[in-house]
Amino acid sequence: MALALTRVDRHCPDMPTLMLSRRSASFQRFLPARFRKAKPVVPVIRLYGPIGMSFPSQGSLSLAGLAGQIETAFEVKDAKAVALVIRSPGGAAAQSHLIFQRIRALASEKDRKVFAFIEDVGASGGYMLACAADEIFADPSSIVGSIGVVSAGFGLTGLIEKLGVERRVYAAGTSKAMLDPFLPEKPDDIVRLRQLQADVHESFIDLVKTRRGSRLGSSEDLFNGAFWTGRKAVDLGLIDGLGDVRSVMRERFGEDVELRLVPPPSRGGLLRFLVPGLAGPDAGTASAGGLVNTAEMLATVEARALWARYGL
């Protein structure tokens, strides 16, 4: 053994040290956890899907569905940071803000830095989620931005006329049936809706300015609902750099950093048994299942429309 080491050493002086280092690393897994060399850990939360959709089977994001994951991520002892991996076209403003607030509250409480990584798209409410991070990264081809507010629906008055259906609405309060899709639009209702949108938009702009601060650029288009690629978003100050969660976290915390995915709760669960039709065409009664499936189909169309805005 001594002769072999001498020969190795003559050709490569660092080889014995390298061999011992590899052996030491291989023995680590046989030691009790308290004796192992601790790796830096970064919990990862995936925020995939539209925000605040009606049906959980649409992969919708909401505070109720994410609260457990967020709490778990920030409870990881001695974690170096928390990473958010985002793929969302946005959705409900209130749910977006509630999720944002929960992440910021725990980040402050645990004194933990947060990084966000936008994949295909982080737009509208999806970008609001990214703003919960101290630093935001994206792929050069990611879609980023859309800091605005939109309301969309259908006008079905012509359809029900063709079907010979009469719409009857009885309401106490002049604005209670505002923007009913089965009734003709009223100019006053549109004015009221635009006022509501302006209020929500102003709150969104204030949030982005507060979180991004002096990093934001001065483009006139920044808050008009426009969106850009990740590469352009760097120039505008919407994000801090280009990169993915693995490469950036390795650069910050070392090659041996452990990215620990926090698993989401199983979708559906007990709801599949309580709501006929949610589990599929063969579940539940025909009448109840048909109603649920129709509503879920509309939710699917709504979700598809959100993704389609960004070419996805």
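User: Which residues are exposed on the other side of H4?

Analyst: This is a predicted model. In it, Ala94, Ser108 and Glu109 are exposed on the other side of H4.

User: And which residues of H4 are buried?

Analyst: They are Ser96, Ile99, Phe100, Ile103, Arg104, Leu106 and Ala107. They cover an arc of only 165° around the axis, which puts them on the same side of H4.

User: What should the 18 residues of H4 span?

Analyst: They should span 26 Å, at 1.5 Å a residue. The end C-alpha atoms of H4 are 26 Å apart, which agrees.

User: What follows H4?

Analyst: Aspartate 111 does. Its phi is positive, near 50°.

User: Now lysine 110. Where is it?

Analyst: Lysine 110 is in helix H4, which covers residues 93–110.

User: Which residues is lysine 110 in contact with, leaving aside neighbours within four places in sequence?

Analyst: Phe74 and Glu75. The side chains of lysine 110 and glutamate 75 are joined by a polar contact of 3.2 Å. As for phenylalanine 74, its C-alpha atom is 7.0 Å from that of lysine 110. Those two residues are 36 residues apart along the chain.

User: New topic. How many aromatic pairs are there?

Analyst: The count is 2 aromatic pairs. Phenylalanine 115 and phenylalanine 253 are edge-to-face, because their planes are at 85°. Their ring centres are 6.3 Å apart.

User: Where do phenylalanine 115 and phenylalanine 253 sit?

Analyst: In distant parts of the chain, 138 residues apart. Phenylalanine 115 is in strand S3 (residues 114–123). Phenylalanine 253 is in helix H9 (residues 245–253). Phenylalanine 115 is buried, at 1% relative accessibility. Phenylalanine 253 is partly exposed, at 23%.

User: How do phenylalanine 117 and phenylalanine 137 pair up?

Analyst: They are stacked, with 15° between the planes and 5.6 Å centre to centre. Phenylalanine 117 lies in strand S3 and phenylalanine 137 in strand S4 (residues 135–138), so the pair ties together parts that are 20 residues apart in sequence.

User: Are phenylalanine 117 and phenylalanine 137 buried or exposed?

Analyst: Phenylalanine 117 is buried, at 2% relative accessibility. Phenylalanine 137 is buried too, with a relative accessible area of 7%.

Key:
Residues are numbered from 1 along each chain as its sequence is written. This is a predicted model: local features need pLDDT of at least 70, side-chain atom pairs count only at pLDDT 80 or more; totals for chains, interfaces and linings use all residues. Side-chain values use heavy atoms; hydrogens and water are left out. Helices (H or I, at least four residues) and strands (E, at least two) are DSSP runs, numbered from the N terminus. Contact means heavy atoms within 4.5 Å. A polar contact is a pair of N or O atoms within 3.5 Å; within protein, one must be able to donate a hydrogen and the other to accept it, and residues adjacent in sequence count only if both atoms are side-chain atoms. Rings of Phe, Tyr and Trp (its six-membered ring) pair if their centres lie within 6.5 Å; planes under 30 degrees apart count as stacked, over 60 as edge-to-face and the rest as tilted. Buried means under 20% relative accessible area, exposed over 50%, partly exposed in between (1.4 Å probe, protein chains only). The expected span of a helix is 1.5 Å times one less than its number of residues. The arc is that of the directions from the helix axis to the C-beta atoms.
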